[in-house]
Amino acid sequence: MTRLRPRFLFIFFAIGGVFGFVAASLGVMPIPDVTVRWSVPVLKAGEYIPTGSVDAGEEIVLVYIGSSTCGWSNVPELPDVVRSLKVKMQARAQTEGMGFAAVGVARDAVVANGMEHLDKFGAFDEVMAGRGWANAGVQKYIYGEMAGLGATPQILVVSRRLGYETGHVTFNDEKVLIRKVGVDEIAGWAAEGAPLQSPLQVRGRDDRNIGRAAHEYRM
């Protein structure tokens with residue numbers, strides 16, 4: 001068996017490369033077309049902008065849960081309502097001497113569809129999308145320790161204490177301060193100025209009247 005010397009191998013690959021370039025230029029050889037898309041939400045003046053900081057201490061978290069496949073999550077006025085709630089809750093947190101974070105959860109089976117849906121609602125500090133009702137955010141804020149009505153859209157306000165243990169962040173004493181389900185409840189609460197009890201503490205709700213339209217499922 002004849003072995004090619006390194007010099008001949010270099011010449012062989014060089015000629016092959018030139019041939020491939022010429023063939024591609026003449027349209028004989030197809031050229032892969034790769035598109036990279038990074039979705040960035042378009043922010044309006046006065047909107048909430050995440051700082052990226054994670055500080056130990058008390059924190060208020062605004063959680064939005066929706067879906068691109070839920071009709072009521074796509075009501076035209078809802079994104080502006082949620083955007084305004086972020087600003088209101090951030091101001092409330094500052095008044096209480098607490099940190100603030102906004103979390104977006106998309107109950108979509110396809111991650112890209114969920115991310116596109118959340119983009120309509122402005123910037124979030126953290127987002128979760130994909131796996132439908134098995135989504136980690138849905139499991140935590142609807143079916144887990146913060147159990148509530150299995151429906152979209154909904155808004156939660158959660159208080160918690162951030163700490164540090166052995167080099168990692170911990171969440172302690174997480175409590176649901178308020179939960180609003182359906183467009184009417186969310187918009188009505190926002191129109192009232194998004195009131196919360198003071199001092200901040202757990203506040204119950206009546207799930208019998210969820211207002212206009214939630215897209216409801218029960219596991």
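**Figure 1. Arginine 160 and glutamate 174 form a salt bridge, with their closest N and O atoms 3.3 Å apart.** The view comes from a predicted model. Arginine 160 sits in strand S5 and glutamate 174 in strand S6, so to speak two distant parts of the chain, 14 residues apart, that this pair links. Arginine 160 is buried, at 5% relative accessibility. Glutamate 174 is partly exposed, with a relative accessible area of 23%.

**Figure 2. Glutamate 174 also meets lysine 140 in a salt bridge.** The N to O distance between these side chains is 3.2 Å. Lysine 140 belongs to helix H4 (residues 136-143) and glutamate 174 to strand S6, so this pair ties together parts that are 34 residues apart in sequence. Through shared partners, salt bridges join Glu59, Lys140, Arg160 and Glu174 into one network.

**Figure 3. Arginine 92 and glutamate 96 are joined by a salt bridge.** Their side chains come to 3.2 Å, N to O. Glutamate 96 is partly exposed, at 28%. The whole structure has five salt bridges.

**Figure 4. An open sheet is built from five strands.** Their order is S3-S2-S1-S5-S6, and the pairing is mixed. Strand S3 (126-129) and strand S6 (168-181) stand at the edges. Each has a single partner strand, so one side of each is left without a neighbour in the sheet. From one strand to the next, the twist averages 20 degrees.

**Figure 5. Strands S5 and S6 run antiparallel.** Strand S5 covers residues 154-165. How many bridges join S5 to S6? There are 11. Glutamate 165 stands opposite histidine 168, which is in S6.

**Figure 6. Helices H2 and H5 lie across strands of the sheet.** Helix H2 (residues 78-95) lies across strand S1 (57-66), strand S2 (99-106) and S5. Helix H2 runs at about 175 degrees to S1. Helix H5 (residues 183-191) lies across S5 and S6. Its angle to S6 is about 100 degrees.

**Figure 7. The largest nonpolar core holds 26 residues.** Which members touch the most others? They are Tyr64, Leu85, Met89, Phe100, Ile155, Val157 and Trp189. At least two residues come from each of S1, H2, S2, S5, S6 and H5. Helix H2 gives the largest share, six residues.

**Figure 8. Phenylalanine 100 is in contact with residues from elsewhere in the sequence.** Neighbours within four places in sequence are left aside here. The contacts are Tyr48, Glu59, Ile60, Leu62, Lys86, Met89, Gln90 and Ala93. Another core, of 14 residues, lies apart from the largest one. Its members include Val103, Trp133, Val138 and Met146.

**Figure 9. A cis peptide bond joins threonine 152 and proline 153.** Omega is about 0 degrees. Proline 153 lies in the loop between strand S4 (151-152) and S5. Most peptide bonds are trans.

**Figure 10. Arginine 131 and alanine 194 have positive phi values, although neither is a glycine.** For arginine 131, phi is about 70 degrees. This residue is in the loop between S3 and H4. For alanine 194, phi is about 55 degrees. Alanine 194 is found in the loop between H5 and strand S7 (215-216). Which of these residues is buried, and which is exposed? Arginine 131 counts as exposed, at 66% relative accessibility. Alanine 194 is buried, with a relative accessible area of 3%.

**Figure 11. Residues 34-38 have pLDDT under 50.** Where pLDDT is low, the predicted coordinates should not be read in detail. Across the protein, pLDDT averages 79, and 69% of the residues score at least 70.

Methods: Residues are numbered from 1 along each chain as its sequence is written. This is a predicted model: local features need pLDDT of at least 70, side-chain atom pairs count only at pLDDT 80 or more; totals for chains, interfaces and linings use all residues. Side-chain values use heavy atoms; hydrogens and water are left out. Two strands pair if DSSP finds at least two bridges between them. Helices (H or I, at least four residues) and strands (E, at least two) are DSSP runs, numbered from the N terminus. Axes are lines fitted to C-alpha atoms, for helices over the stretch in contact, and angles run from 0 to 180 degrees between N-to-C directions. Contact means heavy atoms within 4.5 Å. pLDDT is the predictor's confidence in each residue, from 0 to 100. A salt bridge is a side-chain nitrogen of Lys or Arg within 4 Å of a carboxyl oxygen of Asp or Glu. Buried means under 20% relative accessible area, exposed over 50%, partly exposed in between (1.4 Å probe, protein chains only). A nonpolar core is a set of buried Ala, Val, Leu, Ile, Met, Phe, Trp, Tyr and Cys residues joined through side-chain atoms within 4.5 Å.
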